[in-house]
Each structure stands twice: as C-alpha cells, then as structure tokens.
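Good morning, and thank you for coming.

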Amino acid sequence: MELQTPTIDAAIESLRPRLTGSVALPGEPGYELATPWNLSIPVTPRAVVAVADADDVAATVRFAAEHGLRVAVQRTGHGAVPLDGDVLLVHTGRLNECVVDPDSRTARVGSGAIWQDVLAAAAPHDLAPLAGSSATVGVAGFLTGAGIGPLVRTYGLSSDHVRSFDIVTGDGERLHVTPDRHAELFWGLRGGKATLGIVTAVEIELLPISRIHGGALYFDGADAAAVAHAWLDWCQDLPEHSSTSIAFLQLPPLPQIPPPLAGRLTLAVRFASVADTSEADSLIARLRAVATPLIDAVGPMPYAALSAIHADPVDPMPTHELSALTGALTHEAVDALLAVAGPGSGSPQTVIELRLLGGALAREPRHRSAFCHRDAAFGLMVAGVSAPPLARPVPEHAHVVVRSLAPWATGGALPNFSASADPARIAQCYDEDTRHWLGALADRHDPRGVLRVGQVVRTPS
C-alpha cells in the first residue's frame, strides 16, 4: 500500500537516529543538496540523506525496503533524471576520501569525490587517473557509466581501469566487488550505472603520466566547413596516442568567455596526445594550416589541467542534452552536420560535438564489462541552455541534429551521455543480452525494487 506523505514523514523521523549522517525533508537545511547540476531537471525527493559512511547507505536502503520506498543516489547531479514522491535521495558528498598508493599506482576513492580531488592527489606522484573531460564530475557516476575521457583512444574506457568497487546492493548488503569476488557484479557495475547497487568507494589504476600535449584550436565559424572536412580526413589515420573531437560552439557574450569566442559561432578542434611534443605538434600542424585559428591553445600541458581541453562549464545551469553514436562517417555526413550546426543554420545549441572513438576503446579489455558499442566510430553530443526563450527550440533542434546523421547512426548511445529514465532511451545503451543479464542481476540483488528508479536496467514489472 502506498504511504501518504504525513505517514512517510513520520516514518522518516525514525531513520534519523540510525544514521551518522543527516536527513532533510523539504524545507529543512540540507534538502538543497538535491539540486542537480542540470537545473532543468526536477529533483524533489521525499527526503535527502547526506550519508557519512557506507553503513549509512546500507541503513537507508534497508529502511526504504521496510517502508515501500525507493532509493536514488547523487553526487553532482550532472546525469540527473527527474525524482519525486517515494524516493529517498542518498547524497554521497561526505564520502570523499582519496588515498593514493604511488607504489601500486592505485587510488582508493570515495563515491563523494570528484575528479579534481583525484587529479590533485595523484599529480605530486607524477600519476594520473583516467578522468573525463570535466574535473567537476563525480568519480563514481562517471565510472559506472563506463567513462569516455579525452584519452579514450589511447587507454580505453576509464572503467577498464577499475580494480574494485565497494557497494551497497538493493537488499542492503555491503559487498566488496572485484574480478574474482562477485564477478557478475564487477561486470555489470562497469557500464550499468546504478542498476546493481550504490557505490561507496572504488579502487582505480593510475597512469604514469604528468604531462600531455593538448588543448584546442578555435576557428571562426566562416572556416567551419573547411576545417570540419579536413578534420575528418585527418582522423582517418590518427595514431592511437591521440584523441580528438570537433565542437560547434555558440558561447554567450559573458565576461568569462574570451572575446574572440563570445557571441558568435566558432569551431573548436580538441586534441589530447601522449606523443612527444614534436610528433604531436606535427600532427596538429595539418589543421593549423587549413585556416588561421582565432585562438591556438594546443601545446604541452600538465595532465592535471586536462579539463582545459574541453573547457566544460562549471556552474550549474539548465541544459538539454541529446547524443548518438555513428559508424564511419563520410564527407556527406559532415555536410549534413554543417547544414544544422554550421554558418547560417540558426542552431540554438551551445555545443554540438563530434568525438572520434576507436583505438583502444574498440578492443575488449582483460575483464569484460556491461559497456556496449565498442565498435562505434564517432560519438555525437548536442547540448543547449534550455531556459527561455530557448526552452522549446533547444530540445526540438537537438533532435534535428541527431536526425541529420541518421544514415550513419548505429542506433546506440553511451550511458553517461544518455541521462534518462525512459526505458526506450536506456535500452539504446545496451545490446539485448546485456539488458537481459543486467535486469536479471538487479532482480537477484534487489528483489524489492528499492533501486528501481532513474537510469537503471530492470526486467519489466
């Protein structure tokens, strides 16, 4: 029987003394932790549980099972989906340990840590985590979504470098998960998002990297066609030591935006390489020769400054995102994209990115995972600010952009670029066998459906 709000709130009062952390109902201090990075997503859970340790997570999950509630988890809210009603939101911000072992080249990272925490801890040892394009994203959510970072073609998925997880399952059990212990969960946690449990800590491998050659070339929109076509040719034989993307940018005229980029269409060529300076520089010189960049920000850089390559926004904002995967692209595909994203297109999107995949990503790692679509050649991502007056044009146009590449699309999607509770959208992230096994494992470890909320794979009710 569904509990009414006063009954739920009264029951939640009995949860408070079970925890070291805190519980906040709407209107109470601490409830603001529910606010996601993406301000367009309504996240209004019944209560926010700011957990202090893994025992708090387990207690919250068991409490939810006792009272017919569900449990979701959030750190930064970059991949937020709508939440309300019977959901307790576990906020992991206090689980922020980050301990680097330079001898084993590993780090133990709490699920409340963001990538900047790990970068800062590893850099003094000349070590590096395989982070994503933004250092302000939560480590755990990024890794359970498999992780596509700026060096994905060189080292593969970030989740391929996970050694273990500490989790709480949907039945409230705490487990230490490795390739040898609970191997089925180790498979599913790397790509299955929150389907199989709430991560409380993770052990990851660190790479012996202190510096890379990277950054971005920013071209005037008038040069977008020439640069985009040259970039596609350049990608055909780009060595695996280098990764790249192009991004059509329409950045607002704000003080923090460099004047050459503000309030106009530009095209960014993003580049990251572990090759030596001379080899990397000779590669990027081919694109420098196509047109004169407005800004040339490619060169040797500390690995800890990795976020500067994509320069993703840090402050929360209302956004709409849509993504797709493609096979090999032709120059006709580039023309199709230019028609909806380039000069004269009227695109309302802030960024439309086409990212080269392949390389190490395309090869199966030592330990297989629930990540699918290793055979995709490119990833498309469309993002715009979904606030008036663009609240309707941005989502509508995003579908136009994706449809423009439909002849080359695979039909798949990446978990970290597909934040949605829509089962049809979630299904695009996995093949049929993977969906089946993720659903079966979720039913086994969460028989009451406590974690059946948000971006998870479950068998039909």
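**Salt bridges**

Buried stands for under 20% relative accessible area, exposed for over 50%, and partly exposed for values in between, with a 1.4 Å probe and protein chains only.

Before I continue, a word on the source: this is a predicted model, in which local features need pLDDT of at least 70 and side-chain atom pairs count only at pLDDT 80 or more, while totals for chains, interfaces and linings use all residues. Residues are numbered from 1 along each chain as its sequence is written, and side-chain values use heavy atoms, with hydrogens and water left out.

How many salt bridges does a search of the whole structure find? The search gives 23. One of them joins the side chains of Glu364 and Arg374, at 3.7 Å from N to O. This pair links distant parts of the chain, 10 residues apart, and both Glu364 and Arg374 sit in the loop between β16 (351-356) and β17 (378-385). Strands such as these are DSSP runs of E with at least two residues, helices are runs of H or I with at least four, and both are numbered from the N terminus. Glu364 is partly exposed, at 43% relative accessible area, whereas Arg374 is buried, at 7%.

Another salt bridge is formed by Arg392 and Glu396, whose closest N and O atoms are 3.3 Å apart. Arg392 is exposed, with a relative accessible area of 62%, and Glu396 is partly exposed, with 45%. Salt bridges with shared partners also join Asp160, Glu364, Arg368 and Arg374 into one network.

**The nonpolar cores**

I now turn to the interior. A nonpolar core is a set of buried Ala, Val, Leu, Ile, Met, Phe, Trp, Tyr and Cys residues joined through side-chain atoms within 4.5 Å. The largest has 51 residues, and those touching the most other members are Trp115, Phe165, Ile204, Ile212 and Tyr303. Elements that each supply at least two residues of this core include α3 (115-122), α4 (139-144), β7 (162-168) and β9 (198-205). Contact means heavy atoms within 4.5 Å. Leaving aside residues up to four places away in sequence, Trp115 touches, among others, Leu130, Val139, Phe142 and Ile204. Apart from this core lies another, of 44 residues, including Val227, Leu232, Leu267 and Ile284.

Thr144 lies in helix α4. Is Thr144 buried or exposed? At 6% relative accessibility, Thr144 counts as buried. The residues that Thr144 touches include Phe165, Leu189 and Val199, again without those up to four places away in sequence.

**Strands and sheets**

Strand β7 deserves attention next. Six of its seven residues are buried, so β7 is largely enclosed by the rest of the structure. Two strands pair if DSSP finds at least two bridges between them. β7 pairs with β9 in the antiparallel sense over six bridges, and Asp166 has Ala201 in β9 as its bridge partner. β7 also pairs with β8, antiparallel, over four bridges. The hairpin of β7 and β8 has five residues between the strands, and Gly172 there takes a positive phi near 85°.

Elsewhere, four strands form an open sheet of mixed pairing, in the order β1-β2-β4-β3. Why is one side of β1 and of β3 left without a neighbour in the sheet? β1 (22-24) and β3 (70-74) stand at the edges and each has a single partner strand, so one side of each has no neighbour there. From one strand to the next, the twist averages 25°. Strands β2 (residues 47-50) and β4 (residues 87-91) run parallel and are joined by four bridges, with Val48 partnered by Leu89 in β4.

**Cysteines**

Finally, how many disulfides does a search of the whole structure find? There are zero, a disulfide being a pair of cysteine sulfur atoms within 2.5 Å. The sulfur of Cys429 is 8.8 Å from the closest cysteine sulfur, in Cys372, and that is too far for a bond. Cys429 is buried, with a relative accessible area of 2%, while Cys98 is partly exposed, with 23%.

Note on methods:
A salt bridge is a side-chain nitrogen of Lys or Arg within 4 Å of a carboxyl oxygen of Asp or Glu. Axes are lines fitted to C-alpha atoms, for helices over the stretch in contact, and angles run from 0 to 180 degrees between N-to-C directions.
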